[in-house]
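Keep the viewer open as you read.

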Amino acid sequence: MIRTPLRPLARILNAREKGESLEAIERENIRLRGEVVRDKVRARAQGRLLILGVIFLGSFVTVGARMGTLAASAPQEPQIATAGQAIVAGRADITDRKGRILATNLLTHSLYAQPRLMVDPERVALELVKIFPDLDAERLKKDFTGARKFLWIKKKLAPEQMQAVHDIGDPGLLFGPREMRLYPNGPIASHILGGARFGNEGVSSAEVLGVAGVEKAFDGWLRDPANGGAPLQLSIDLTVQSILEEVLDGGMKLMNAKGATAVMMEVDTGEIVAMASLPDFDPNDRPTPLLKGDPSDSPLFNRAVQGLYELGSCFKIFAVAQALQLGLVNPSTMVASKSPMQYGRFKIRDFHDYGDQLSVTDIIVKSSNIGTARIAQMIGPERQKEFLGSLGFLEPTTVEMIEAPTGRPLLPQKWSEISSMTISYGHGLSASPLHLASAYATLANGGRKVSPTLVHSEDPEVLAARVGEQVVSPLAARESLDMMRAVVTRGTASFGDVPGYEVAGKTGSADKPKPTGGYYKDKVIGTFAGMFPVSDPKYVLVLTLDEAVETSGSIPRRTAGWTAVPVAAEVIRRTAPVLGLRPIESLEGVTLVNN
């Protein structure tokens, strides 16, 4: 900046000539210079005040807008913050249809260590191993005497374990409160519930995340504070579930089976009253998944939803029901059944020789492969595929479990006529027992499509929305039930006739396929699918035994009539009274009375 001299030479010379005061010139220049500086300072201050005013105005506008937004929004519960990380620690209970607890939260404590606070690290390590034998003493000594400042020891403690750690008396052992997921019924409904684990963790809380089953499928809902702690009410009945599992376990052992599964479902709503898969597990101590081998060998494998099996003769009723609906046959129509049936290079045989002809009813009662294949020829592959698709056999079930998408039926690459014939009697298409239960429920309720659900509801609008399309005519459905009643009274499922409960159903015995191709001769999937009471169907039961063999006689018997049917009958005998079904004196022509 160029500054004006206080005594400019030209003015000084001029002032001397005129005799003026030189000090006056200097004072005037000092005054002018001060005015220039003052104007600059004022301008700078005014600019700063303007900027500060704009900042304050913007702040007030922002705060006001945020307050308005909060005032107009719905209130939300704050999340618990721990160690700088948001942890949603709450999780809703899960109950059965009657409100009984299936899964809840229990206040417990975690155990962690701060080695720098320890008085005697080596003694602490030895004492901890006495309390928790699964810990490694040498590893603990190394951690306690090393550079680590913090380490978890146990994520959850029993009260007696906590007291034992207290008794060690070392200040480096610390406890943190947290909630753990508790399944008070142990392994009952374990595959349905799935299990849970800890997610984000802090020393004073930890979030609980679902890992399988409905715990995983409804994880977001169970953790949502907006639900106000309301429980998730499942459709299963705890009493019926426990009975089903007890009978199924006894039947599996009695019949020397490798595994077993069963599904009981309401025919009108699709609500699953009980569903079990054996072997099972305790979700309080969920085992580690298998990394190799057959997935079905793992107790975590849900046979009812994930197991895909050729379900054998249980499929025959679908071919007959479709033929009845199309008007191709009626229950008394005679169909050729001479064995064997030749189709190109293929031969189809029956378990016994049933003569040259059978009525459609007797095809179901005697379980004739040949008679069913003849009916499938009348229907044709395209119509058969469309019909089975309407029953849900071409897609995974929609049940509310994280495992459901893995149960996608295995279909033939080409739906040819020979494929159509074998599928009609349960070979060439693999589906889950839950698929079969849903399809049988469709026949039992008069032909309306049923989709399985694990969520209980008594809301009329919800129940009305569950009513599917009419996929089988009421007449064809009723005639199909009458045929399956005859299967129990005089056919392959005679051991399933529970006095007073009008059981109807169909057996299925399918040879297990080998991984390398072909079928085992001594390994069978035995299934009974039925409903009760047939005069006014309320429930469907599908029960499957894997590699069962009945050995009370002189020769081993593997067919479902000898293995799955007696077990299913015991399930019905014990659960029907619990379900409120009153037995009747006459089995035929009388409507069952409900309590």
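What follows goes from the nonpolar cores to helix packing and then to the loops.

First, some ground rules: this is a predicted model, in which local features need pLDDT of at least 70 and side-chain atom pairs count only at pLDDT 80 or more, while totals for chains, interfaces and linings use all residues. Residues are numbered from 1 along each chain as its sequence is written, and side-chain values use heavy atoms, with hydrogens and water left out.

Start in the middle of things. A nonpolar core here is a set of buried Ala, Val, Leu, Ile, Met, Phe, Trp, Tyr and Cys residues joined through side-chain atoms within 4.5 Å, where buried means under 20% relative accessible area, exposed over 50% and partly exposed in between (1.4 Å probe, protein chains only). The largest such core has 119 residues, and the members that touch the most others are Met264, Phe318, Leu436 and Tyr440. There is also a second, separate core of 17 residues, with Leu111, Phe132, Leu135 and Ile168 among them. Back to Tyr440: beyond its neighbours within four places in sequence, Tyr440 is in contact (heavy atoms within 4.5 Å) with residues including Cys314, Phe318, Met484, Lys506 and Val540.

Now for the helices. Helices (H or I, at least four residues) and strands (E, at least two) are DSSP runs, numbered from the N terminus. H10 and H15 (residues 433–444) pack at about 35 degrees with their axes 11 Å apart; axes are lines fitted to C-alpha atoms, for helices over the stretch in contact, and angles run from 0 to 180 degrees between N-to-C directions. The crossing of H10 and H15 is left-handed, meaning that the near helix is turned anticlockwise from the far one by less than a right angle (clockwise would be right-handed). Which residues of H10 and H15 meet? Ile317, Phe318 and Ala321 come from H10, and Leu436, Ala439, Tyr440 and Leu443 from H15. That contact divides into seven nonpolar, no polar and no charged residues, where Ala, Val, Leu, Ile, Met, Phe, Trp, Tyr, Cys and Pro count as nonpolar, Asp, Glu, Lys and Arg as charged, and the others, Gly among them, as polar.

H10 (residues 316–326) also packs with H12 (residues 369–379): their axes come within 9 Å and cross at roughly 40 degrees. H10 and H12 are therefore oblique to each other, given that angles under 35 degrees count as roughly parallel, over 145 as roughly antiparallel, 65 to 115 as roughly perpendicular and the rest as oblique. The H10–H12 crossing is left-handed. Among the residues that meet are Lys316 and Leu326 in H10, and Asn369 and Ile379 in H12.

Finally, check the loops. Two peptide bonds are cis: Leu278 to Pro279, with omega near 0 degrees, and Ser339 to Pro340, with omega near -5 degrees. Pro279 sits in the loop between strand E11 (272–278) and H10, and Pro340 in the loop between strands E12 (334–336) and E13 (341–343). Glu502 has a positive phi of about 45 degrees although it is not a glycine, and Glu502 is buried at 2% relative accessible area. Glu547 has a positive phi too, near 60 degrees, but Glu547 is partly exposed at 21%.
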